[in-house]
Amino acid sequence: MESGNGSAVTEFVLIGFSGFGSFRGPLFWGVLCIYLITLLGNSLIIFLTLADSALHSPMYFFLRHFSLVEVLYTTTIVPRMLADLLSSCPTIPRASCFTQLYFFALFGITECCLLTAMAYDRYAAICRPLHYPTLMNQAACVGMVGASYLMGVITGTTHSIFIFTLPFHGANTVHHFLCDILPVLRLVSGSPFWGEVGNLAVTVAFILTPFSLIVISYACILATIFGVATSQGRRKVFSTCSSHLFVVMLFFGTGTVAYMKPQAGSFRDMDQILAVFYTVVTPMLNPFIYTLRNKEVTGAMRRLMKRYLWSP
């Protein structure tokens, strides 16, 4: 579907699920179940890190905000996705598309920054334990979290406004199930060169740079733990860091492939598969990763259940 001869686009048509046919119903229920599990799991993490005093440490302070951003991030995408799965011709007004892209960029960049802050926390705890109380005091933790949100707001605002000030005339069919940056840029009238340059700059600044800092942090951690005398000490460090490292690989792995691969039409199906993974599946997996692989969180869950379910 295209808008009339060169007229300004006022709404977009999302055709990401147009080829699913009879599978749209099962996909709707599958996505709905995943979304509910995501909300429940991340809300549980938030509640546990607030309610249990044993989890009142910088690591779980960052984890609490990361879970909150995960809830907001997936809520930006999934409710609209569910509505579109039930619609024969899903359309989205231009203003709503701008809003979705804005919050998608805001929360995505905030997550990148929070994961970097969590890596620095692990570096400080393992590589500089004597200075840890000073490096990761309350003011420093609040400052890092505040800076993460601020970078998300600034970048999401500037990038979204810049994209939607570009001319959109004629084509209004988005080959995706959400208003992601790259599918929207493909509809820009004329050459989208400056939009692609801006997207590349954001990708380098908020995907490659944070990922590089995380890699450096874990290189320092590995160098430190190989100097630990006992294998028990190494296992304890690996147990502490493994959950965060697994989430980093999931989040940055899919993000790097999605935004750094060649932008050709033959890759559109891969765009959508990757987007389903990092917008729907990964937020659901994070609570399981942090609960099943973390003894402190599972211990907090047992104490909570004992306090509220089994006590007289």
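A search of the whole structure finds 13 aromatic pairs, a pair being two rings of Phe, Tyr or Trp (its six-membered ring) with centres within 6.5 Å, called stacked with planes under 30 degrees apart, edge-to-face over 60 and tilted for the rest. The model is a predicted one, in which local features need pLDDT of at least 70 and side-chain atom pairs count only at pLDDT 80 or more, while totals for chains, interfaces and linings use all residues. Residues are numbered from 1 along each chain as its sequence is written, and side-chain values use heavy atoms, with hydrogens and water left out.

**Stop 1: an aromatic pair**

Select Phe 98 and Phe 164. Their ring centres are 5.5 Å apart and their planes stand at 85 degrees, so the pair is edge-to-face. Phe 98 belongs to helix α3 and Phe 164 to helix α5 (residues 138–164), so that the pair links distant parts of the chain, 66 residues apart. Phe 98 has 27% relative accessibility and counts as partly exposed, whereas Phe 164 is buried at 10%; buried means under 20% relative accessible area, exposed over 50% and partly exposed in between (1.4 Å probe, protein chains only).

**Stop 2: helix α5**

Next select α5. At the start of α5, a side-chain oxygen of Asn 137 comes to within 3.2 Å of the backbone nitrogen of Ala 139. The buried residues of α5 include Cys 141, Val 145, Ser 148, His 159 and Ile 163.

**Stop 3: the whole fold**

The protein has ten helices and three strands, taken as DSSP runs (helices H or I, at least four residues; strands E, at least two) and numbered from the N terminus. Their order from the N terminus is β-α-α-β-α-α-α-β-α-α-α-α-α. Of its 312 residues, 47% count as buried.

**Stop 4: the largest pocket**

Select Met 59, Tyr 60, Lys 236, Thr 240 and Glu 296, which lie nearest the centre of the largest pocket among its 15 lining residues. A pocket is an open set of points on a 1 Å grid over the protein atoms alone, with protein on both sides within 12 Å along at least five of seven lines; a cavity is a set where a 1.4 Å probe fits but cannot get out, and lining residues have an atom within 4 Å of a point. The space in the largest pocket is about 330 Å³. Helices α2, α3, α8 and α10 (295–310) each give two or more residues to its lining.

**Stop 5: the second largest pocket**

Move to Gly 16, Phe 17, Phe 20, Gln 272 and Ile 273, the closest to the centre of this pocket among its 14 lining residues. The second largest pocket holds about 230 Å³ of space. Both α1 (24–51) and α9 (268–292) supply at least two lining residues, and α9 gives the most, with four.

**Stop 6: an enclosed space**

The whole structure has three cavities of 30 Å³ or more. The second largest cavity has a volume of about 90 Å³. To find it, select its lining residues, including Leu 63, Met 118, Asp 121, Arg 122, His 244 and Tyr 290. Elements giving two or more residues to this lining are α2 (58–85), α3 (94–127) and α8 (231–260).

Conventions: Grid points are joined across faces, edges and corners, and a volume is the space filled by probe spheres set on the points. A polar contact is a pair of N or O atoms within 3.5 Å; within protein, one must be able to donate a hydrogen and the other to accept it, and residues adjacent in sequence count only if both atoms are side-chain atoms.
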